[in-house]
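Morning, everyone. Please bring up the sequence and the model, and we'll walk through them together.

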Amino acid sequence: MRNLIKLISLYNYSITFYLLLLISSYFLITENFVLKTKYFNSSNYIAGSVFSAQSRVSEYFLLKKKNTLLEAENKKLKESLTNIRSINNFIENKQYNFIDAEIINNSVRKKNNYITINKGTKHGIKKGMGVISNLGIVGKVKYVSDNFATIISLLNNSYFVSSLVKNSNTLSSVNWNGNDPKILNLLYVPKHIDIQKGDSVITSSFDTIFPKGILIGEIVSINKDTNSNFYDIDIMSSQNFYNLSMVYVVDNILYQEKKALESDTDEK
Amino acid sequence: MKNNILLFGILFLLQVFVLNKVLFYQYIILSPILIILLLYKYQKNSKESLFFSFLIGFLIDIFNDSLGVYALTCLIIVYFRNFWVLKIVGEEKTEEINTMTVHELGILQNTLYAIPIIVLFFSLLSLFESDLFFSINNLLFIIISSFINYIFILLFQYLFFDYNIRDEWR
């Protein structure tokens with residue numbers, strides 16, 4: 001026992017290092033859901049409160065820019081509304097509610113980027129809801145605390161969005177490869193489909209979290225010389241993640257109904 | 001001591017609220033936290049320095065939504081620093097020096113001491129944060145960010161570490 005204590009005291013510096021190394025490595029590689037949820041909720045609470053205060057100050061200096069953005073958005077919405085009014089049954093079939101929220105923390109330079117917003121369960125935000133802005137889709141709600149929520153950004157390696165190539169209605173997926181925050185990859189478009197540079201890529205609504213037709217980006221390069229049956233396609237993201245400030249969380253009223261029906265169908 | 005805490009506070013806030021959010025020209029990030037990790041006094045086999053670096057990293061992780069990335073990076077950097085400083089400066093001289101600044105070490109020794117640590121810092125960040133570590137983009141990020149940060153740290157020392165501050169730092 002004495003020798004053990006002697007050994008520990010002799011190498012306590014190295015032991016401390018390896019112990020801390022083990023803890024931080026565990027934090028880094030763990031997929032432990034409970035730990036991650038607790039971490040994100042606690043960090044949401046600490047960082048969220050501080051970032052809210054910071055945001056209140058910086059917001060004041062961005063008012064003019066925000067105003068311009070809102071004017072543009074307002075114009076766009078009015079145009080959409082005019083189109084939508086012509087569809088008589090729109091009100092009866094209303095499927096989505098939108099909860100506006102403000103971004104209080106955002107990152108673009110990591111491989112797995114997250115965004116924090118200033119709304120949480122108290123405001124009706126639930127895990128898994130989609131998040132959009134006036135320029136296109138932003139991400140999906142990952143963790144929620146009472147007053148804040150963490151969004152898994154479209155600029156996150158592990159996030160895939162169900163999409164359609166607008167002109168050909170081809171079902172595909174969009175993912176970010178971790179390099180340029182403006183460029184996304186369009187996956188699973190078969191080589192026999194005719195697609196062109198400049199084609200728009202929109203949400204498909206198959207994942208039930210986004211309404212159909214929300215813009216994701218525009219095709220900028222198509223590579224046919226791949227060993228697989230699919231194209232290698234880059235799209236220019238319609239979203240500017242560098243200056244995101246306002247977003248809308250999409251609440252699909254029929255989400256539970258659709259999921260329940262689909263799971264019933266799967267069981268049978 | 002007061003200056004020490006004030007400096008730490010300012011650099012930490014600068015890192016968390018401003019520079020963590022900015023990517024200059026796609027390849028450059030400024031990490032003022034490196035100033036703390038590089039310059040504070042060396043103490044042989046100091047467990048406190050390991051805990052301190054882990055804590056700084058963990059605090060940055062909280063504000064950065066990057067569970068473990070900075071905690072692990074800062075810890076490895078300080079462990080390497082404590083080894084590297086002995087190789088470059090020697091044990092005897094290291095114990096006499098209070099802060100590892102360019103004023104104390106001289107420009108040549110400071111460069112030899114700081115550059116590998118800075119390169120290791122950005123290599124580790126890149127390794128933990130990026131899927132494709134062996135890519136030209138990552139290599140450019142490591143080289144350019146390391147170079148710019150070295151210049152930044154050097155300028156910081158010349159601007160803020162005059163002899164009066166150094167005396168108080170003691």
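A definition before we start: pLDDT is the predictor's confidence in each residue, from 0 to 100. We need that here, since this is a predicted model. Chain B averages a pLDDT of 80. In that chain, 87% of the residues score at least 70. For the complex, the predictor gives an ipTM of 0.77 and a pTM of 0.60.

One stretch to flag. Over residues 164-170 of chain B, pLDDT stays under 50. The model still has eleven contacts beyond four places in sequence for that stretch. Where pLDDT is low, the predicted coordinates should not be read in detail.

Now the cores. In soluble globular proteins, nonpolar side chains tend to be buried together. The largest nonpolar core here has 45 residues. Those with the most contacts inside it are Leu34(B), Leu38(B), Ala71(B), Cys74(B), Leu75(B) and Phe121(B). Which elements each supply at least two residues of this core? From chain A, α2 (12-29) does. From chain B, we have α2 (33-39), α3 (47-64), α4 (69-89), α6 (102-105), α7 (107-129) and α8 (136-160). α4(B) gives the most, with eleven residues.

Look at Phe121(B) for a moment. Leave aside its neighbours within four places in sequence. Phe121(B) is then in contact with Ser31(B), Leu34(B), Thr73(B) and Ile77(B).

On to the strands of chain A. Six of them form a closed barrel, in the order β6-β7-β8-β11-β10-β9, with antiparallel pairing. The twist averages 40° from one strand to the next.

Start at β6(A), residues 161-165. Is this strand largely enclosed or largely open? Four of its five residues are buried, so β6(A) is largely enclosed by the rest of the structure.

What does β6(A) pair with? On one side, five bridges join β6(A) to β7(A), residues 170-175, and the two run antiparallel. Ser162(A) has Ser173(A) as its bridge partner there.

Three bridges join β7(A) to β8(A), residues 183-187, in antiparallel fashion. Asn175(A) is partnered with Asn185(A) in β8(A).

That's my tour. Thanks.

Definitions and conventions
Residues are numbered from 1 along each chain as its sequence is written. Chains are lettered from A and ligands numbered from 1 in the order in which they are written. A nonpolar core is a set of buried Ala, Val, Leu, Ile, Met, Phe, Trp, Tyr and Cys residues joined through C-beta atoms within 7 Å. A residue is buried if 20 or more other C-beta atoms lie within 10 Å of its own, exposed if 12 or fewer, and partly exposed in between; C-beta atoms are placed from the backbone. Two residues are in contact if their C-beta atoms, placed from the backbone, lie within 7 Å. Two strands pair if DSSP finds at least two bridges between them. Axes are lines fitted to C-alpha atoms, for helices over the stretch in contact, and angles run from 0 to 180 degrees between N-to-C directions.
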